[in-house]
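Subject: Structure handover

Dear colleague,

Please find the structure below for your records.

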Number of protein chains: 2
Amino acid sequence: MSIKIGILGYGNLGRGVEKAVMASEDMDLVGVFSRRDPATVKVDSGVKVYHVDALETMTSDIDVLVICGGSATDLPEMTPKYAKLYNVIDSFDTHANIPVHFANVDAAAKSANKIGIISCGWDPGMFSLNRLYAHSVLPGGKDYTFWGRGVSQGHSDAIRRIDGVLDARQYTVPVPQALDAVRSGQNPELTTREKHTRVCYVVAKEGADKEKITNDIVTMPNYFADYDTTVYFISEDEMKAEHSGLPHGGSVIYSGTTGGNTNADGSTSPVNNHVIEYSLKLDSNPEFTGSVLVAYARAAYRMNQSGDCGAKTVFDIAPALLSPLSGEDIRAHML
Amino acid sequence: MSIKIGILGYGNLGRGVEKAVMASEDMDLVGVFSRRDPATVKVDSGVKVYHVDALETMTSDIDVLVICGGSATDLPEMTPKYAKLYNVIDSFDTHANIPVHFANVDAAAKSANKIGIISCGWDPGMFSLNRLYAHSVLPGGKDYTFWGRGVSQGHSDAIRRIDGVLDARQYTVPVPQALDAVRSGQNPELTTREKHTRVCYVVAKEGADKEKITNDIVTMPNYFADYDTTVYFISEDEMKAEHSGLPHGGSVIYSGTTGGNTNADGSTSPVNNHVIEYSLKLDSNPEFTGSVLVAYARAAYRMNQSGDCGAKTVFDIAPALLSPLSGEDIRAHML
């Protein structure tokens, strides 16, 4: 029996989820749901497109609804709303607001005996898992997260809003010296500027003041002011040819120790250093994120089938629930 | 309230577990249990040493028993035996026998309403988790495991059993070209010989035939015959000065794709490659393995407290159960 999936929102992430559902033999895609006029939404898989209002009456058709909205305004409203009707999953990533979002989704999901997984993807998501596993195994160590080299859509959008800018792509790039220092187990203190640089490719409108655009970018608070930022002006053709993808990735590096304890005889055990690194090199950020969401959608369905409900994060979900294979199979082939 | 831990077996791994318990604020070490005469076992922490037979009557004193024995003969007998009395955890790593061991521990643990976690550590253990997460997120990809550079105790022991050998240390070393090919996402087919080399440091007895020792090593079936093996003869002093540690580590590298599907309009989506890598660089293999066992001992206790029982592996255990922190704390600091 297949797990019936609905997708709410059809941007880059929604298309990534669609591809991942198509690649999952134990899942069926029921439909794409949009706030737009369904007639204007062309979906890759050819699955039926519904207006979002149809979700009010399709509870028996969908096992898990994957909500592909933005964290700023969409998800805080949508995820609790639909957790009252469906098992849901989202990729909410506004870190400071996670406690409130978790509480809202928890109350909604519990009232309907549904599962609501929040903040799923790779960061938050797979990176979070690796921070938790490392801290749990080696208490007292230090974790570092590096992002990139990859396209930040938020930073690219921020540049596009500057007067005179036609198009822009911003790459976040980890500083190699910082990566090396962390990997060596030195546990350095690193400022924002020392960890990442930002590289921007900008298409300017004809006659625009490039010097002013550059200055507007590099001094933009929160987005660029704390970083060493380089701006390159390129043509529309170059943008299309060389920057149409959405690659991303990064590393979580954890450095901790064992030993160093005082023994009963008064001696001190030698300190041993351990470095744990998890890294991703992704050709497509939204397709990988969509793949993570779909694996966790499987878990949401199974947890709900076994009687569980409420808000969950990747921390609360046993890894075996993500796999379409049986316990015997995963023990035989992956343990 | 602290979790009360017992350690059965006091070799390198038992000492590693002891250090990890000492570093865990929510745990107390109740005792070390040994088949040897307790008077002859000196433990670092100064905790009381009991003869193993004392375990028959200490069920109310210990929440989780960490079993530090060998996979060949100790664990197949010990883990099911003590799962009838305690929540237990072991590091069973004889891959072909995992199904039988799992079934035996499952039956014993269920009969006593206890939890029995098997095959925990880093491989099997943390490496297994990363194989499972990667396969679940990107179905149809390929995983590669590289070990080292690190000391293989099994291979070192095998050399020590050769006539004329006083002491030996064997390092498993991944082949850099193989690592590079896998990291690039090429999904190469690699033979045993192409993945790892073996480097042996041997102290020969006086007058021993070094040529014969070398030949006995490099032709030894299962252990060395399928590898390119290098043998160095060194002095006892060099062995002590340069090879007294037990470093290890390695990488699980997974390469998979998204896209490539045929769309409703007959077009084919572009294929995107993704590479996931988890790597460990450990100064002390037994201390890191002990730390993993102790984090999972915490989970064993909690799962049993919540009414669960039977055999488990790392696949069955929600990550949050490993951390001494609350759900709120881990969501705030690690998500």
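The notes below cover the conventions, the interface and the sheet.

This is a predicted model, in which local features need pLDDT of at least 70 and side-chain atom pairs count only at pLDDT 80 or more, while totals for chains, interfaces and linings use all residues. Residues are numbered from 1 along each chain as its sequence is written, chains are lettered from A and ligands numbered from 1 in the order in which they are written, and side-chain values use heavy atoms, with hydrogens and water left out.

Interface

Chain A contributes 70 residues to the contact and chain B contributes 69 residues (contact means heavy atoms within 4.5 Å). Together the two chains bury about 5900 Å², of which 63% lies on carbon and sulfur atoms; buried area is the accessible area (1.4 Å probe) that two parts lose on being put together, summed over both. Y133(A), M334(A) and L335(A) account for 14% of the area that chain A buries against chain B, more than any other three residues.

Two salt bridges are counted between chain A and chain B (a side-chain nitrogen of Lys or Arg within 4 Å of a carboxyl oxygen of Asp or Glu). K42(B) forms a salt bridge with D265(A), with the closest N and O atoms 3.2 Å apart.

Strand 13 (271-282) of chain A is among the elements that each supply at least two residues of the side of chain A that touches chain B, and strand 13 of chain A gives the most, with 11 residues. Helices (H or I, at least four residues) and strands (E, at least two) are DSSP runs, numbered from the N terminus. Strand 13 of chain A also pairs with strand 13 (residues 271-282) of chain B, in the antiparallel sense and over nine bridges; two strands pair if DSSP finds at least two bridges between them. Within this pairing, L282(A) stands opposite H274(B).

Sheet in chain A

Seven strands of chain A form an open sheet with parallel pairing, in the order 3-2-1-4-5-6-14. Strand 3 (49-51) and strand 14 (310-312) of chain A are at the edges with a single partner strand each, so one side of each is left without a neighbour in the sheet. Strand 6 (residues 115-117) of chain A runs parallel to strand 14 of chain A, joined by three bridges, and I115(A) has G310(A) as its bridge partner in strand 14 of chain A.

Yours sincerely
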